[in-house]
Amino acid sequence: MLVSELESRGRRALLLNHPNTDTFVGRLEQRFLRGDSRLDVILSTAFYIADVLHSLSVMRGRRGRGCDDVVFVRYSMAVAYLPESACRKADKAVKMVLPTPDVAVLVDIDPDIAIGRIFSRGEDLEVFETVERLSAIRDRMLGISDGWVVLRNNGDMEALRAQLNVEVLGKRS
């Protein structure tokens, strides 16, 4: 939605999504996200890191060459998928190492609504897709979102688009 809105304003946007199933590493990441063992979690995390590093190299290659904006899905906020004890430490480390976005956006959703939307996809569930895990991850995300624009996604897509236009794009026009 953000890419579409940016492009409608004449901006050239690059979407980097994770897992990036166009790459071998991204497909491996997705495969391990579908398992639910401790090893699946560890391997999905390792492949996620490799996937993000690949995306960063793509982003650097496009900077200044046909790209005005980069929309990076599951970037630094992915540290919230780590256990509570590691989340804040990992967040601080990521902020020291990785490029900082001009605008950071967290799309927040109530876990009960999220699980309903997840089931409606008709796909295999990822290891983190239970109400309990979504709730814990959401709490960690909200706990490290200082300075982020937080959009509420409990309503329909038009309500989210309106928030996006006011809270994110209205500040960049």
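Select Arg 74 to begin: at 30% relative accessibility it counts as partly exposed, the class that lies between buried (under 20% relative accessible area) and exposed (over 50%), computed with a 1.4 Å probe on protein chains only. Arg 74 sits in the loop between strand E2 (69–72) and helix H4 (84–97), where helices (H or I, at least four residues) and strands (E, at least two) are DSSP runs numbered from the N terminus. Its phi is near 60°, a positive value in a residue other than glycine. Most residues other than glycine have a negative phi, and most peptide bonds are trans.

What you have open is a predicted model, in which local features need pLDDT of at least 70 and side-chain atom pairs count only at pLDDT 80 or more, while totals for chains, interfaces and linings use all residues. Residues are numbered from 1 along each chain as its sequence is written, and side-chain values use heavy atoms, with hydrogens and water left out.

Next, select His 18 and Pro 19, which are joined by a cis peptide bond with omega about 0°. Pro 19 lies in the loop between strand E1 (13–16) and helix H2 (24–33).

Now show the whole chain as a cartoon. It has 7 helices and 4 strands, and read along the sequence these follow the pattern α-β-α-α-β-α-β-α-α-β-α. The C-alpha trace spans about 45 × 35 × 30 Å along its principal axes. For 173 residues a compact globule would have a radius of gyration near 16 Å, and the chain agrees, with 16 Å; the value is taken over C-alpha atoms, and the globule rule is 2.2 Å times the number of residues to the power 0.38. Of the 173 residues, 38% count as buried.

Centre on Leu 56: leaving aside neighbours within four places in sequence, Leu 56 is in contact (heavy atoms within 4.5 Å) with Phe 72, Tyr 75, Leu 98 and Pro 99.

Move on to Asn 153, in the loop between strand E4 (149–152) and helix H7 (157–168). At 11% relative accessibility, Asn 153 counts as buried, and beyond its neighbours within four places in sequence it is in contact with Val 107, Asp 108, Ile 109, Arg 117 and Leu 160.

Finish with the surface view. The chain exposes about 10,200 Å², of which carbon and sulfur atoms supply 55%, by the Shrake-Rupley method with a 1.4 Å probe.
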